Amino acid sequence: AIVSGTFMSVLGSTVLNVPIAAIAHDLHVSITDASLLITTQAITFATLLPLGDWVGNRFGRRNVYCVVIATYGIGALIGMFAPNLGVLIAIRIVQGAASSAIVPLVMTLLAELYDPSERPLALSAWAMANSAGQAFGPPLGGLLTSMFGWRSIFAPTVFIATFACAGALYYLPADKPRTLPLEWRGASMLTLAALF
């Protein structure tokens with residue numbers, strides 16, 4: 001349940017790389033404008049990354065994990081029917097915000113759920129999911145686009161999000177929200193560094 005969320009977010013961020021020209025052609029925009037679909041998600045992800053675990057503490061890690069996974073999946077579902085580039089960019093920003101919480105939540109959940117002796121295996125599974133998402137995203141995007149059109153590239157994300165959310169609700173233990181102070185100075189510095 002945890003590793004599939006990582007795979008989904010990485011796959012979702014790389015699956016647009018190959019069909020970007022087809023998206024630009026179909027929506028009657030330049031490739032430069034269409035490339036905003038890639039950069040806006042990456043910038044949003046990097047900017048909000050320092051807040052992910054704090055939000056998880058505040059509202060419960062399992063709850064927040066399920067919400068951000070569902071948000072990412074719903075964004076993909078809307079992306080399949082997006083009428084123009086502006087809507088797609090808005091969806092990618094939302095997905096970037098959701099994925100910025102997935103990474104720290106997954107790392108914290110793995111550390112909490114597994115004993116020290118089991119953590120290397122758990123972290124290697126996470127690393128494998130991360131690498132698999134990067135490796136499979138571009139060719140899958142090209143394959144789906146050539147067979148079914150670029151809108152189909154969002155379909156795998158919807159299915160994986162459904163599986164990951166259901167698995168998290170079933171397997172992850174519920175945790176109580178904890179009110180911890182946000183280390184805003186460090187978060188601000190990380191955000192500024194990501195922006196520049």
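Which helix gives the most to the lining of the largest pocket? Helix 1 does, with five residues. The close-up views below are taken from a predicted model.

Figure 1. Two or more lining residues come from each of helix 1, helix 4 (36-48), helix 7 and helix 8. The lining comprises seven nonpolar and nine polar residues, with no charged residues.

**Figure 2. The second largest pocket and its nonpolar lining.** The space in the second largest pocket amounts to about 190 Å³. Ala1, Ile2 and Val3 are among its lining residues, as are Leu110, Leu113, Tyr114, Leu121, Ala122, Ala125 and Leu172. Helix 1, helix 7 and helix 8 each supply two or more residues to this lining, and helix 8 gives the most, with three. By class, the lining holds 10 nonpolar residues and neither polar nor charged ones.

**Figure 3. The largest nonpolar core.** This core contains 24 residues, and those with the most contacts inside it are Met8, Tyr65, Val68, Ile69, Ile102 and Val106. Two or more core residues are contributed by each of helix 1 (2-14), helix 6 (61-79), helix 7 (85-113), helix 8 (119-148) and helix 9 (155-171). Helix 7 gives the most, with seven residues. A second, separate core has 19 residues, including Ile20, Ile23, Leu27 and Ala82.

**Figure 4. The surroundings of methionine 8.** Apart from residues up to four places away in sequence, Met8 touches Ile69, Tyr72, Ile102, Thr157, Ile160 and Ala161. Met8 is also one of the residues with the most contacts inside the largest nonpolar core, as are its contact partners Ile69 and Ile102.

**Figure 5. The two aromatic pairs of the structure.** A search of the whole structure returns two such pairs. Tyrosine 170 is exposed, with a relative accessible area of 66%, and tyrosine 171 counts as exposed at 63%.

Conventions:
Residues are numbered from 1 along each chain as its sequence is written. This is a predicted model: local features need pLDDT of at least 70, side-chain atom pairs count only at pLDDT 80 or more; totals for chains, interfaces and linings use all residues. Side-chain values use heavy atoms; hydrogens and water are left out. A nonpolar core is a set of buried Ala, Val, Leu, Ile, Met, Phe, Trp, Tyr and Cys residues joined through side-chain atoms within 4.5 Å. Buried means under 20% relative accessible area, exposed over 50%, partly exposed in between (1.4 Å probe, protein chains only). Helices (H or I, at least four residues) and strands (E, at least two) are DSSP runs, numbered from the N terminus. Contact means heavy atoms within 4.5 Å. Rings of Phe, Tyr and Trp (its six-membered ring) pair if their centres lie within 6.5 Å; planes under 30 degrees apart count as stacked, over 60 as edge-to-face and the rest as tilted. Ala, Val, Leu, Ile, Met, Phe, Trp, Tyr, Cys and Pro count as nonpolar, Asp, Glu, Lys and Arg as charged, and the others, Gly among them, as polar. On a 1 Å grid over the protein atoms alone, a cavity is a set of points where a 1.4 Å probe fits but cannot get out, and a pocket is an open set with protein on both sides within 12 Å along at least five of seven lines; lining residues have an atom within 4 Å of a point. Grid points are joined across faces, edges and corners, and a volume is the space filled by probe spheres set on the points.
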